[in-house]
Amino acid sequence: MIKLLSANFLRLRKTNLIWGSLGICVGLGALAALGEFRFQVSVGADLSVPEVAQYKALLEKQFFEYAAFIGILAAEFISLFLGTEYSDATLRNKIAVGHSRLSIYAANLITGFAASLMCIAGYMLSCLAVGTPLLGWFSKPAPLLLCAIAGSVLMLAAFCAIFTFVAMNCAKKSTSVVICLLGVFALLLAAVYLNGRLEAPEFITGYELSGNGEIVDAVPEPNPNYLTGAKREVYQFLYDLLPTGQSLQYTMLNFTDPARLMGLAAAVCAVFTAAGAALLRRKDLK
Amino acid sequence: MRNLLSANLLRLRKSRLFWGLLLLLFGLGVLFTLRRLADQVRWSAWGAQGARYYLTVDLFTYALFLGFGMAAFIPLFFGAEYSDGAIRNKLIAGHSRLSIYLSHLITSVVAALCAAGAYVLPVLAVGFFIYEPPALEAGTLALLVLGTLVLLAAYCALYTLVTMNCSRKSTAAVICLLGMLALYIVSGNVEIPLMHPEYLNWVVTEAGEMIPGDPNPRYVGGMERVVLETLQDLLPTGQSLQYMRADVAHPARLPLYALIDVAAFTAIGAALFRKKDLK
């Protein structure tokens, strides 16, 4: 296992793919902080006005943006990196020299996770380096920020488990790339839809004309789009379960139960790893 | 050229990937229509006003789906020409590189049109009972339909450019899919400043006339607006966003710009392919 890991890390170090992905993350981190600063400047600096105060530039508004795109980057990176194991027949060579399929699977999962972690570390460091002088330090409490960081790392592990599952059980590199990328796009759309349904207000207030011709707020009426009862529970569960749903919550720093999110991410990671390793054990590697 | 086309179309007909794409688009068409039906049932308590959807709300959504769908389909389908050595065989059999390139482009456009048809079919069939007829003039509607079809050709031309000049199928797929996403992000960001209204409010005079109130400091006007609008109309993803909302400021201009896209992508792609070392 250690030999497999060291071989994987050596290959990782020599591939342009990881350096390219890291470069993208570092660039995006710096751009996010700069963009936040520029936005506040364009809105105006008079923060005493309540309408403007909501646009106050805050480091935490951009610091967790990585959660939104790291799934896409990991999908591309893991499927290409692990797909090469099939196309170059490295997988068979590893088995031929006596490594078990389980240890190969675990080593590949750890390598993909480590590379993705490196990418988010690159984003965080560049966002901090550019953002702290321009925007100041975080304004939210440290426990919340630490929870978000720990939770997003577990979310990343769930993403990596899913992509490793696909890449290790699909012998065609191009097919696994397409499945992973289109899959993550589809899951993102699903998460946005779930979020939209869950955020629907309970009551809708329209406008109506009063007797003397003034426009006044109408009596609030129940919103048919508002989810209630078991249906709301199911939507909330799916939103918390999907790694893309979690990524939206961490990006917006809008989550109520971090322990539940972390537990679900760990469960997704465990289920996909167990299923992926079991499938690989039976797979005909030709 | 005709031989190449008939060979490509035969391969298309036998491809599970192609039938999978059609099935996916058909399923999405059914899903969207059923979602509107569920919305109507939910909103029925609000009377007819809450339950009205114009057909154009969902009709052109294929312009978005096929942007992604073709980004996956074209590299997978035509990338196999490289990996299986079919391109070299075609050259050995005496076909020119240009005719090979064009036959691939035409085949991909045919596949995209079939997929669009698979989406539109359930939307029109089931939606006939659900949607209100489009609140547009027939001429404008025809321009929108024509525009989305040329837009599909523009997407196909872009992905054919990448696929025919990238000998690795997986790399071509990544470039097409992530490129598509990047273009969407660009178009989304170009659209934001264009959405700001010119005035913050409107004032009613004593004579009952509406006159513009305070100017909006975030409104983009002049040359900058012209440049942003042109960019939005020229980018296939910018066009997709406009068609999806069926809110198109220049319905006659978009098909023209999409044709320019097709011509430009094809000229660049064919020129690069002519010089490519096929090993």
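Q: In this predicted model, which hand does the crossing of α4(B) and α8(B) have, left or right?
A: The pair in question consists of helix α4 of chain B, residues 62–83, and helix α8 of chain B, residues 169–195, whose axes come within 8 Å. The crossing of these two helices, α4(B) and α8(B), is right-handed.

Q: How are α4(B) and α8(B) oriented to each other, roughly parallel or roughly antiparallel?
A: The axes of α4(B) and α8(B) cross at roughly 165 degrees. Angles over 145 degrees count as roughly antiparallel. The two helices, α4(B) and α8(B), are therefore roughly antiparallel.

Q: How many nonpolar residues does the contact of α4(B) with α8(B) have?
A: On the α4(B) side the contact includes B:Phe68, B:Ile74 and B:Leu76, while α8(B) contributes, among them, B:Leu177 and B:Met180. Divided by class, the residues of this contact comprise 1 charged, 3 polar and, as the number asked for, 13 nonpolar.

Q: How does α1(B) lie relative to α6(B), roughly parallel or oblique?
A: Helix α1 of chain B, residues 2–14, and helix α6 of chain B, residues 97–127, have axes that come within 9 Å and cross at roughly 40 degrees. Because of this angle, α1(B) lies relative to α6(B) in an arrangement that is oblique.

Q: How many charged residues are in the contact of α1(B) with α6(B)?
A: Residues of α1(B) including B:Leu5 and B:Leu9 meet residues of α6(B) including B:Ile100 and B:Val110. By class, this contact has 8 nonpolar residues and 5 polar ones, whereas the number of charged residues is none.

Definitions and conventions. Residues numbered from 1 in each chain as written. Chains lettered and ligands numbered in written order. Predicted model: local features only at pLDDT ≥ 70, side-chain atom pairs only at ≥ 80, totals over all residues. Axes fitted to C-alpha atoms, helices over the stretch in contact; angles between N-to-C directions. Helix = DSSP H or I, 4+ residues; strand = E, 2+ residues; numbered from the N terminus. Parallel < 35°, antiparallel > 145°, perpendicular 65-115°, else oblique. Contact = placed C-beta atoms within 7 Å. Nonpolar A, V, L, I, M, F, W, Y, C, P; charged D, E, K, R; others polar. Left-handed = near helix turned anticlockwise from the far one by under 90°.
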